[in-house]
Each structure stands twice: as C-alpha cells, then as structure tokens.
Amino acid sequence: MREKELRLALVCYGGISLAVYMHGITKEIWRLAGASRAFHDDAPATSGSQAVYRDLLTEMEAISGIRVRILVDIVAGASAGGINGVFLAQAIATGQSLDPLTDLWLTSADVEALIDAEAAPASRFSKVWALPLAWMAAGRSAESVDALADAATRDEVKAKLSHFVRSRWFEPPFGGETFTTLILDAFDAMRTSDTGPRLLPAGQPLDLFVTVTDFTGHPERLRLNSPPEVVETEHRLVIGFSDHGQPCETLADVAELTFAARATSSFPGAFPPFTVAELDAVLEKRATGWPGRPAFLRRILPRQSAAKAADKAVLIDGSVLANAPFRPAIDALRDRPARRQIDRRFVYIDPSPGQKFRLGPKATTPGFFQTIIGALSELPRKQPIRDNLDAIADRSALIDRMRAIVDAIRPEVESEVESLFGYTLFLDRPTPARLVAWRRRAQQAAASRAGYGFAAYGHLKLSGVVDTVARMLEQASGQSGDRQRLRTALDAETARRGVTDATGDAPALVDFLRTFDLSFRIRRLRWMARRLTDLETDAEPGALDPVRDAIYAALATYLDIQRTETLAPLRRMVRAMRGEAGPVLDALAATLDLRGRDTATDAGLAAAFAALPRDLRRPLLLAYLGFPYFDVATLPLLRGEGLDEFDPIKVDRIAPDDATGIRSGGAEATLKGIQFNSFGAFFSRAYRENDYLWGRLHGAERMIDITVSTLPPTVRMKPGRVAAIKRAAFLAILDEEEHRLTAIPALFAQLRTEIG
C-alpha cells in the first residue's frame with residue numbers, strides 16, 4: 001500500500017482573549033494527529049471526533065489505495081498563538097494530553113484570576129465613576145452591554161468589566177508572576193495526564209518557534225561599503241526549540257517553555273513586560289530548579305549574556321513586530337526527513353481576519369488619538385502576510401518551473417544514456433559494483449556533453465558544498481552567526497588542498513565532492529522518488545514498493561546525519577578552531593562517512609532494481625544514471641542549493657470566515673472574544689466556553705477539508721460524504737463537551753438544530 005504524509009507547518013496568529021478559540025482549534029489538530037498515529041499503529045479505536053478522523057482515513061485508503069499519515073512537525077506562533085503553539089508542541093513531542101489545558105483555559109483566562117492582587121480596586125466604590133468611560137472606550141454603551149447575552153452572563157460581564165476598569169491605573173492590571181504561575185500549572189497538569197505515544201514518526205523532528213519583542217533592543221552589526229560596518233538596534237527575537245526527532249519527556253525544560261509562552265503573550269498595557277527575574281522569582285517560590293538556565297540565556301539572548309545583562313532584558317508581546325511568523329517556519333523546511341511521498345501544507349490560524357479597510361464615501365479621517373493608537377498598536381498586528389505568501393509562492397513556482405524543464409529535456413537525456421551504455425545495460429543484472437561503474441561513467445559523460453557550461457555548474461556546486469559544510473559546522477558549534485568565520489577558514493583550506501579547479505574531473509575536486517557533497521546525493525534520491533511517483537500511475541499496485549523503500553531508506557540516512565545530535569561531538573573542536581580548518585574538516589568527513597553510506601545505498605538500490613521487471617527497471621535506471629545531466633540543467637535554477645521537500649507548498653487558512661458548515665457570518669456571528677477590542681473572553685466564562693466550542697467545531701471542519709484535499713485529483717469521495725463526515729464530527733464534539741461546558745446550554749440546543 002502506498003503511503004503519503006500530509007505534513008502541517010502550523011502558524012498561529014495573536015488574538016488576545018481569542019487564545020481560547022485558538023485552543024479549541026489546536027485541540028482538533030492534536031486529535032487529528034492522534035487519530036493518524038492510531039490508524040498507522042493499528043491501535044484500539046478512539047472516541048469522539050478522533051474516531052471520526054480515523055474512519056475518514058480508513059475510507060480514504062479504501063477509495064484511493066493510499067495510506068495518509070497526518071503530522072504536525074513545525075509550529076510557529078506569536079502572542080496568543082505563541083502560547084497555544086507552545087502547549088501543542090509539548091503535546092505532540094511527548095504524547096501528553098491537551099485535555100487538562102482546557103479546564104485551565106476556561107477557569108484561569110479570567111479577569112478575576114489574571115488581575116494582580118495589588119492592582120485590584122480597594123473596594124467596590126473605588127473609581128466607580130470610571131465604568132461609563134470603559135464602555136465608551138470599548139465602543140459600547142450600557143444599553144449594548146445589556147443586550148449582549150442572558151441575564152447571568154450580562155451581570156458577570158458588567159461586574160468583571162467594572163473590576164477591571166477600576167483597578168490600578170497607568171500600570172498593567174494583570175499580574176506577570178500570576179500569569180507565569182498559571183503557565184507552569186498548565187505544564188504540571190499536562191505532565192500528570194494520561195500520556196500516549198509521540199505523535200510523529202521516529203526520526204521526524206518537531207520544531208517550535210515563538211516570536212518575542214526585545215523592548216530595549218540589542219546591537220546587530222551590518223556590513224556596508226562606506227563605512228565598512230554600522231551597528232543598528234534589533235528588536236525581533238525568535239525562540240526556537242526542537243526535539244531533533246527523538247522521544248522525550250518534555251520538548252525542553254518547562255522553565256524554558258514557560259519563558260517563551262509568557263514572553264510572547266506579554267500584551268502591552270495588559271501585562272507587565274517579562275523579565276528573567278520574574279521567572280526566577282516564581283521558580284524559587286515553587287522550589288523548582290532550572291539547571292540549563294545559563295546555556296538557555298546564552299542561546300536566546302547572546303548579546304545580553306555577553307554583556308552579563310540577560311537578567312535585565314525586557315521582553316514584550318511577540319505580535320508587536322511579527323504577528324504572522326511564517327519566516328522561521330519556512331526556514332525550518334531545510335533538512336526535513338523524507339521516507340515517503342509528501343504533501344506539505346502551511347496552515348495558519350487567524351481568529352479574526354475580516355476586512356481592515358474602509359473605502360468609498362463612508363471612509364472617515366481618523367482623529368488624533370485614533371491615529372496614534374492605530375500606528376502604535378493596531379497596524380503592526382494587522383499587517384497582511386502577502387510577503388510571506390509571495391515567498392512561498394515563489395518557491396513553489398521555482399519547483400514547477402524546474403519540473404517543466406526536466407520534463408522537456410527527459411527524452412534527450414534518456415537518449416544520451418541509452419547511446420552511452422547501449423541497450424544491453426537493461427539486460428544486465430544490477431549489482432553494487434556495476435551501479436558504481438555506471439554512475440561514474442554517466443557523470444563523466446554529462447560533464448563532457450555540458451561543454452563550457454560545466455565550469456559554471458562545477459563552481460556553483462563547489463561553492464554550495466562549502467556553504468553546506470560551513471552550515472553544519474555552525475550547527476555543530478551551537479553558536480549562530482558564526483558561519484562567515486567558518487566559511488573564510490574553509491575557503492583557505494580548500495585552496496590549500498587544491499580544490500579550486502571545478503572545470504572537470506580534477507582528482508582533488510573529485511575526492512572533495514565524494515567526501516562532502518551531501519546535497520548532490522540528496523538531490524539524486526529526491527529526483528528518483530519523484531520519478532517513481534510518476535511511474536506508479538501505470539504500474540501494478542505494489543510493484544515499485546521495493547525501490548521506494550530502498551530510496552527512502554537511503555534518503556533517511558543522508559538526511560539524518562545533518563541532525564544536531566549527530567554533529568554535536570564536533571562542538572568543542574569547532575569552537576576551538578582558530579583559522580586552521582583542516583583537522584575540523586577531517587573530523588567532519590569521518591562523522592559523515594559518505595563513502596560508507598554510499599556503499600550501503602548502492603547495495604540497497606541494486607537489490608531493488610534487480611527485483612523489478614524489465615519494463616519498470618528501464619525508466620528507473622535511465623532516471624538514476626541520467627541525473628547528472630538533469631542536475632547540470634537545474635542546479636543553477638535552484639541557485640546552487642537544491643530544495644529539501646521537493647514539492648510545491650500549499651497554504652490553507654483556518655478562520656471563522658472559512659468554516660461555514662454550521663453558521664456563516666465569520667467571527668461576528670460566532671465568537672464573543674472579539675468584544676472589547678478582543679478582550680471579551682476575559683470577562684465571562686460563558687464567553688470562553690462559547691469561543692472554545694466554536695474553535696473545536698471550526699477546527700474540525702477545516703481539518704476535514706484539508707485532509708480530504710490530499711486525495712489524488714482523479715479520486716473523489718461520494719457526493720454528500722464530506723458533509724456527512726463533518727456532521728458526525730460536529731455531533732461528536734457536542735456530545736463530548738456538553739457535560740463540561742455548563743454555562744452555554746442554549747448554544748448546544750441551537751447548534752444541534754443548525755447541524756440537523
């Protein structure tokens with residue numbers, strides 16, 4: 001049975017109290033990943049929406065012959081999205097449950113729980129005159145508050161809004177240590193919950209990125225022509241975590257995850273800025289250690305740590321400068337393992353998209369305070385993601401362009417290979433020794449046929465290999481920003497070894513490439529995997545499985561050696577290097593052992609090729625031996641780097657506007673947290689229950705849409721099946737949550753009527 005991976009890179013926006021809605025969405029994504037894991041492990045049947053997802057995967061396998069595995073391997077978030085991303089990543093990496101987090105969100109994401117004890121009004125008469133001002137600032141009057149909900153909820157909102165507005169002025173009303181304590185409590189609740197298996201295949205890394213704003217800023221050096229160097233202040237920070245594809249009890253030290261979650265969600269004005277001292281104080285009260293503190297601060301705050309000022313760093317909400325953190329997620333695509341066909345999706349959660357513009361005769365000129373508040377707060381968060389989507393589209397267009405070129409030149413390349421070897425090639429039984437001889441002969445022929453163009457290809461290839469080596473050494477050192485120093489030392493060493501003639505088969509160059517050209521091997525195997533997918537359309541089911549297994553097993557070995565833990569033994573040597581790169585380069589060669597891996601790869605491929613019938617062996621051997629010709633043609637197009645996941649990226653959104661299976665109208669028709677400038681859910685448990693439930697429903701609907709969209713274009717589900725599957729998921733969620741969400745019985749009755 002063919003397998004296919006739907007890989008999700010999740011990007012979570014900020015949204016203040018809409019964090020509760022986003023928790024509902026991420027919970028469904030977590031349940032879908034759990035259903036996929038159970039489906040592939042043949043684990044016992046699950047319940048609720050998870051059972052619906054598993055049945056969907058079973059049905060898709062039956063109609064398409066493809067087993068789809070769904071996994072979340074990249075998570076990036078800012079502000080409310082950042083804190084949800086941290087908890088989701090912890091659950092995926094460890095197998096811990098998100099269920100305990102729901103009760104904490106519903107109970108603790110409340111004004112009464114978040115407000116600082118010292119900020120609370122001294123009595124119920126404190127600043128009572130300020131309440132009408134609060135309604136006015138929120139764009140609501142007492143009459144509209146009266147119309148918000150049922151009597152009990154209306155009274156709750158009024159009381160908590162009054163408490164909030166009459167709290168301490170000109171200082172953040174919510175307590176920083178209070179919030180940090182709640183985050184630590186959430187991690188404790190997850191740790192003591194029922195733990196299942198890790199929700200990613202073995203060796204598949206999970207990467208988490210959280211954006212933070214460095215309020216004071218840190219120096220960054222920029223190289224110019226004149227003056228040669230300038231220093232500017234940088235305020236953007238990205239805190240990254242990875243499990244490197246290994247099972248773990250926690251994605252990182254809980255103190256470090258709390259650091260990221262608290263810092264990214266430090267909304268200006270509502271929470272005090274986050275400092276390391278705040279976390280230290282809370283950990284001390286809880287008698288909790290943090291053994292990795294120095295190393296973590298050096299990694300996250302290198303400039304401040306070098307100046308012995310990390311404790312004084314002031315960090316605020318990550319959405320101030322990067323509300324849609326696509327860039328770190330895009331960068332994380334490098335070195336993803338590939339063991340089967342991949343469908344890569346970027347899925348971003350925008351809790352309240354809507355239109356942010358007003359055109360035409362009704363447009364008004366903003367007033368003095370409106371202009372200031374918009375410039376300082378609103379506009380940076382609402383900046384569209386066009387630049388990020390353009391970058392993804394450009395990458396996908398590059399892949400499509402390269403595929404078109406490959407398809408156009410394939411007949412000529414295959415003709416060249418056949419004329420080079422003769423038709424007897426396909427009569428011989430492939431062996432490892434023959435594969436090596438055939439491959440080298442094809443590479444020499446490709447260089448000869450390319451003429452003077454091969455010189456440009458050779459120099460580009462050599463430069464790319466040196467860049468890759470510099471990147472791996474930087475990764476081994478654990479010190480970002482060190483690549484230029486390493487590249488300079490490597491250039492000097494390659495020149496000393498005579499690796500400068502890239503125009504042909506110079507012995508020094510050939511030896512260097514056989515020792516370090518990891519990218520060429522990965523490109524060749526990815527090319528083979530894609531050609532295999534093309535051939536499977538007309539082949540008998542399962543006929544190509546041995547070759548597929550051999551290709552992806554070999555690809556995994558080359559990708560896995562780029563992991564941090566593989567390169568970690570070189571750390572001390574790389575850090576101690578002072579100009580002379582020879583010993584480090586030799587140590588890296590021994591660690592990579594590409595020639596040894598080549599031997600194992602040749603053995604696996606030879607056995608797989610030999611087992612194929614002749615009509616299938618021929619096109620695969622033509623692809624394998626013809627790859628040097630294709631690489632000469634396409635590597636310049638790929639700017640010398642190649643691409644890791646060799647498929648176009650698709651982008652999907654999850655937002656109230658996109659989930660209309662139950663109710664249309666977007667956030668205005670479904671969510672309560674959008675009130676009071678997105679602070680609404682902090683004032684009522686009923687509001688939080690409403691938003692959490694809609695989050696689960698919207699998340700289920702969109703994830704079913706995204707899952708079904710992985711079916712091949714020629715395969716369709718029966719008319720009405722997708723709608724029936726969604727209905728089953730909706731009802732399962734209502735049945736699961738009705739006993740817990742006791743503040744919104746009317747909504748349950750209404751939803752059951754709307755679902756039908």
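**Salt bridges and a loop glycine**

Glu 416 is buried, with a relative accessible area of 18%, where buried means under 20% relative accessible area, exposed means over 50%, and partly exposed covers what lies in between, using a 1.4 Å probe and protein chains only. The structure is a predicted model, in which local features need pLDDT of at least 70 and side-chain atom pairs count only at pLDDT 80 or more, while totals for chains, interfaces and linings use all residues. Residues are numbered from 1 along each chain as its sequence is written, and side-chain values use heavy atoms, with hydrogens and water left out.

The side chain of Glu 416 meets that of Arg 449 in a salt bridge, with 2.8 Å from N to O; a salt bridge here is a side-chain nitrogen of Lys or Arg within 4 Å of a carboxyl oxygen of Asp or Glu. This pair links distant parts of the chain, since Glu 416 belongs to helix α16 (residues 386-421) and Arg 449 to helix α17 (residues 432-450), 33 residues apart. Helices (H or I, at least four residues) and strands (E, at least two) are DSSP runs, numbered from the N terminus.

In the whole structure, a search finds 46 salt bridges. One of them joins Asp 311 to Arg 293, and the closest N and O atoms of this pair are 2.8 Å apart.

Another salt bridge is formed by Arg 653 and Asp 658, whose closest N and O atoms are 2.7 Å apart. Arg 653 is partly exposed, with a relative accessible area of 24%, and Asp 658 is partly exposed with a value of 24%. Elsewhere, salt bridges that share partners join Lys 27, Glu 28, Arg 31, Asp 99, Asp 103, Arg 696, Glu 736, Glu 737 and Arg 740 into one network.

Finally, we turn to a glycine. Gly 542 has its place in the loop between α21 (518-536) and α22 (545-560), and this residue is partly exposed, with a relative accessible area of 39%. Although Gly 542 and Arg 2 are 540 residues apart along the chain, their C-alpha atoms are separated by 7.5 Å.
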